[in-house]
Amino acid sequence: MAGRGVLIIGASLAGGSAALALRENGYDGPVTLVGDEKEAPYERPPLSKQVMQGERDQPDWVLADGDASAWAAQDITFRSGRRATGIDAAARTVTLDDGDVLGYESLVLATGSEPRRLSIPGSDRAHTLRTLDDSLAIRRAAEAGGRVAIIGGSWIGCEVGASLRRHGCDVEIVEKAPGLLSILGSDEVSARLLDLHRAQGVAVTLGADVREVTADGVVLADRVVEASLVVQAVGVAPRLDLARAAGLAEAAGGVAVSSTLRTSDPHIWAAGDIAAVDHPRYGKPVRVEHWDVAAKHGQYLGKALTGSSEPYTRAPYFFSDQYELGFEYRGWVEPGASAEVVVRGADPAGSWYAFWLVDGAVQAVLNANAWDDGDAIWKLVNGRASVEKARLTDPSVPLAELT
Ligand SMILES: Cc1cc2nc3c(=O)[nH]c(=O)nc-3n(C[C@H](O)[C@H](O)[C@H](O)COP(=O)(O)OP(=O)(O)OC[C@H]3O[C@@H](n4cnc5c(N)ncnc54)[C@H](O)[C@@H]3O)c2cc1C
């Protein structure tokens, strides 16, 4: 059995960031990072953007240029292509798929998410997108020619649609909801996204009742969307098998963690997509499947596992790029909560903002093509500012003057 120390399962953004942060914070015990992908830890956002557009074949790497030996230089033992199959919480050991048993003093679970698949005939004919290989396979299939159908019009579906369109493909997005990005709960934002995609020549079918995927494309209740390539982008499911087998408490569809990211087992922490944080800012379990959260959870654990007891207080943040438009979103609206959304900026192709108001206070802000207001937006979101709607929506009032 290898020596104890910190063992991290899941070698992607949250896990890789945690390993590096331990060293940055002076931890000098053994750090072992285990991941079931063959690559060194990488960041996924380029997979639906630059890689999908054919601009490059590489993701962004968490360390160096994807050179696994760079981890050894940080005194981090990196075991790629190895899956953890079980946790013995009493013995504080993890078993790997090659039979190795690794001991730990502290265990970090950063097992992330996997794409959901629709339970319809032919579902496995459709590509899903999570890994570098997935992205390259979709791009290659698109380059072979023919129409592309994308099932799902949320972030990944919209980004893949935009990227393949830019790559010269004939694309149709089919979405069950009455609008794109309906997850945001704003008809106005959905309408702007719809205009954006249609203006770029992407066909969008809303309210689609998808019945089957065949060699001809996607069968809807009322017609067939002809396509030689079908991509399913219908959301992700957190990978909870290890946590469940270890009997860890759950919340908000993930692993319940305290405000210091500790699970119900005092020797086990969780980070990234799987972690439902008892968030001091919201007083509720907050689980967010986005890049910044995974990176910041990892960085936070470097401090928490070296003695800091400061809680994790950062509000969620994410970004998206589609065509020439870049989006950022700061804050958190509880899924299912009723929020009023007001929009500033009349030109959907220019700079515009959407504000989510709960009980009159700014809970979250989306900015599109506006890059200089980050600090002012954080102030609005972190302070849950109550601002008159007329001032929020008036472009002549600088955001910095709203708080
Ligand atoms: C195509 C794509 C584009 C995205 N674009 C954006 C974006 O623009 N903006 C944004 O904010 N977010 C984006 N995201 C979301 C963001 O990438 C995720 O939130 C982030 O990757 C989560 O990091 P994580 O480390 O928690 O999990 P993951 O990245 O899912 O990594 C978990 C790792 O653990 C491994 N693993 C799981 N179980 C085991 C096991 N038992 N043993 C060993 N290894 C295991 C997995 O194989 C994986 O490598 C995108 C995601 C995708 C897929």
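Q: Start with the hairpin of β24 and β25. How many residues sit between the strands, and which one takes a positive phi?
A: There are two residues between the strands, and Tyr323 takes a positive phi near 55 degrees. Strands here are DSSP runs of E, at least two residues, and helices are H or I runs, at least four, numbered from the N terminus. This is a predicted model: local features need pLDDT of at least 70, side-chain atom pairs need 80 or more, and totals for chains, interfaces and linings use all residues. Residues are numbered from 1 along each chain as its sequence is written, and side-chain values use heavy atoms, without hydrogens and water.

Q: How do β24 and β25 pair, parallel or antiparallel?
A: Antiparallel, over six bridges, between residues 317–322 and 325–331. Pairing takes at least two DSSP bridges between two strands.

Q: And what stands opposite Ser320 in β25?
A: Phe327.

Q: New topic. What is the order of the open sheet of four strands?
A: β13-β12-β11-β17, with parallel pairing. β13 (203–205) and β17 (229–232) are the edges; each has a single partner strand, so one side of each has no neighbour in the sheet. The twist averages 20 degrees from one strand to the next. Angles run from 0 to 180 degrees between N-to-C directions, with axes fitted to C-alpha atoms, for helices over the stretch in contact.

Q: Which residue of β17 is the bridge partner of Ile150?
A: Val231. β11 (148–151) and β17 pair in parallel over four bridges.

Q: Which helix lies across β11 and β12?
A: α4, residues 155–166, at about 170 degrees to β12 (171–174). Contact means heavy atoms within 4.5 Å.
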